[in-house]
Structure formats: structure tokens, C-alpha cells
Amino acid sequence: MSAMADKDPVLFLDAVERRYHQGESILEILGGAELAVWPGQSVALIGPSGAGKSTLLHIAGLLEHPDAGEVYVDGIPTSNLSDGERTKIRRTEIGFIYQFHHLLPEFSALENVMLPQMIRGLSRQEARRRSAELLSYLGLEERLQHRPAELSGGEQQRVAIARAVANAPRVLLADEPTGNLDPRTSEHVFGTLGQLVHASRLAAIIATHNMDLAQRMDRRVTIREGMLVELS
Ligand code: ADP
């Protein structure tokens with residue numbers, strides 16, 4: 001059972017600070033950033049290259065520690081957890097999608113989605129059933145046995161989306177997921193992502209520099225002087 005009800009955010013970044021040292025100078029990326037994301041909500045994180053989008057996603061995904069502030073996942077403060085505990089939350093609660101799909105080339109679409117579930121302890125049969133269902137939901141029912149190289153860019157990215165949510169995470173983080181795709185395919189992938197976020201009650205942050213795609217998400221935020229600013 002979830003620790004919190006739907007009225008509470010699944011992901012909450014509270015006064016998060018992150019700066020990098022560059023020789024003598026300090027580059028402040030986040031200076032007290034706040035962001036709350038609720039179940040079933042997609043948030044586009046917009047900004048040009050170098051704005052700090054990846055940094056924010058890495059912190060939200062517990063891949064990186066903030067210099068100050070706290071990241072709450074399902075109400076649980078994560079900064080004082082051990083590496084093992086953070087890894088466990090990352091594996092069970094958080095799904096990642098990257099610009100490049102990072103699918104395993106020697107495995108089929110179906111197997112790529114089955115693997116994380118089997119690693120988690122599901123039987124082959126159950127993993128296969130769930131993977132086929134998920135890929136079909138994403139419009140890939142005719143592509144289950146295809147290897148990544150036999151799929152189009154948009155199809156590869158939809159398999160990567162299926163893999164990211166295969167273990168039913170509560171948070172989905174995507175870093176320029178369509179940065180490598182043509183505009184029409186990007187539209188399609190964003191549409192699919194938005195539907196999945198609503199259907200699975202995920203809390204999603206999707207980094208993009210494309211304002212048109214961002215309009216398809218429920219909310220839009222950008223990083224301005226180290227703070228997260230809500231756009232209309
Ligand atoms: P975005 O994803 O919006 O392109 P990033 O979060 O990757 O932005 O980077 C934000 C800024 O922080 C960039 O100027 C980048 O060069 C710098 N940066 C990122 N990671 C490091 C690091 N490990 N050390 C030093 N500077 C970094």
C-alpha cells in the first residue's frame with residue numbers, strides 16, 4: 001500500500017541546491033529549487049542546453065545528492081538513506097527514459113521489457129504476459145519479437161518507455177526522450193507518454209527544449225536563476 005494518498009505529491013524537491021566547482025569559480029545550477037509532482041501528472045521541464053535539466057533529473061532520481069535540501073519520494077526523505085536504500089527506491093519507485101533508448105541489441109522488444117521484471121523476481125511467464133500487455137498498450141503488438149535494430153526510432157523509444165514502467169514505478173523521469181526523433185514521431189511518443197502517465201497514475205518529469213511538445217504535458221516548469229518557475 002502506498003504510504004500517502006493521492007492528495008500528496010509522489011515526488012517533492014524541497015529547497016534543493018546544487019553547484020559545481022569550475023576551477024576558481026562556482027557554477028550555481030540550483031539554488032533552493034522547489035517542485036512537487038502529483039500522481040497522474042506530467043511536468044515538462046523546459047530549458048536550453050546547459051540550464052540544469054539533467055542535473056535536476058539526476059537529483060530527483062536519486063542518482064546524485066543535492067548540496068542542500070531534500071528529495072521526498074512518496075513522502076520519504078531520501079538524503080540520509082544509505083546507498084543501498086536509495087538504490088532500492090530507485091529500482092522500485094523510479095523509471096528512467098533517456099535520449100537514446102539503451103535497449104539491449106541482442107534481445108527482442110518483449111525480452112527487453114521482461115528483463116527488469118525477471119531481475120525483480122517475477123516468473124518468466126508472468127513477465128512475458130505483462131510485457132506483451134504493456135507493449136500492446138503502447139501500440140507495439142506487432143513488434144514483440146523484433147530486435148531494436150529492426151524497429152524505427154519511435155518504436156525503439158516506445159519500447160524504452162515500456163521498459164521504464166515495467167516494474168510499475170510511481171515516478172517517471174525522462175531526459176529529452178525524443179531529442180533524437182523527427183517532429184512527427186516526437187509528437188506521437190509524447191502523446192503516448194502523456195496517456196501512460198494518466199493511466200498509470202505516474203508522477204512524471206520530462207525534460208525537453210521543445211515548447212510545442214511541452215504543451216502536451218499537464219504542467220510546464222523552467223529553471224530560472226536556480227529556481228523552478230511554473231510557466232502557463
Ligand atoms: P541540461 O541538461 O539542461 O543541458 P545539465 O544539468 O547537464 O544541463 O548541466 C547544467 C550545467 O552544469 C552545465 O553548464 C554543465 O556544464 C554543468 N555541469 C553538469 N555536470 C557537471 C559536473 N559534474 N561538473 C561540472 N559542471 C557540470
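Visitor: In which kind of crossing does α5 pass α6?
Guide: Helices (H or I, at least four residues) and strands (E, at least two) are DSSP runs, numbered from the N terminus. A crossing is left-handed if the near helix is turned anticlockwise from the far one by less than a right angle, and right-handed if clockwise. Where α5 passes α6, the crossing is right-handed.

Visitor: Thanks! What kind of model is this?
Guide: Residues are numbered from 1 along each chain as its sequence is written, and side-chain values use heavy atoms, with hydrogens and water left out. Local features need pLDDT of at least 70, side-chain atom pairs count only at pLDDT 80 or more, and totals for chains, interfaces and linings use all residues, in a model that is predicted.

Visitor: How are α5 and α6 oriented?
Guide: Axes are lines fitted to C-alpha atoms, for helices over the stretch in contact, and angles run from 0 to 180 degrees between N-to-C directions. The axes of α5 and α6 (residues 183-199) come within 10 Å and cross at roughly 20°. Angles under 35 degrees count as roughly parallel, over 145 as roughly antiparallel, 65 to 115 as roughly perpendicular and the rest as oblique. That makes α5 and α6 roughly parallel.

Visitor: And how does α3 lie relative to α4?
Guide: The axes of α3 and α4 (residues 124-137) come within 8 Å, crossing at roughly 130°. So the arrangement of α3 relative to α4 is oblique.

Visitor: Which helix is α3 roughly parallel to?
Guide: Helix α3 (residues 109-119) packs at an angle of about 20° against the helix of residues 153-165, with their axes 8 Å apart. Therefore α3 is roughly parallel to α5.

Visitor: Which residue's side chain has an N or O atom 2.6 Å from an oxygen atom of the ligand?
Guide: A polar contact is a pair of N or O atoms within 3.5 Å; within protein, one must be able to donate a hydrogen and the other to accept it, and residues adjacent in sequence count only if both atoms are side-chain atoms. For Ser 54, a side-chain N or O atom is 2.7 Å from a ligand oxygen. At 2.6 Å, the residue is Thr 55.
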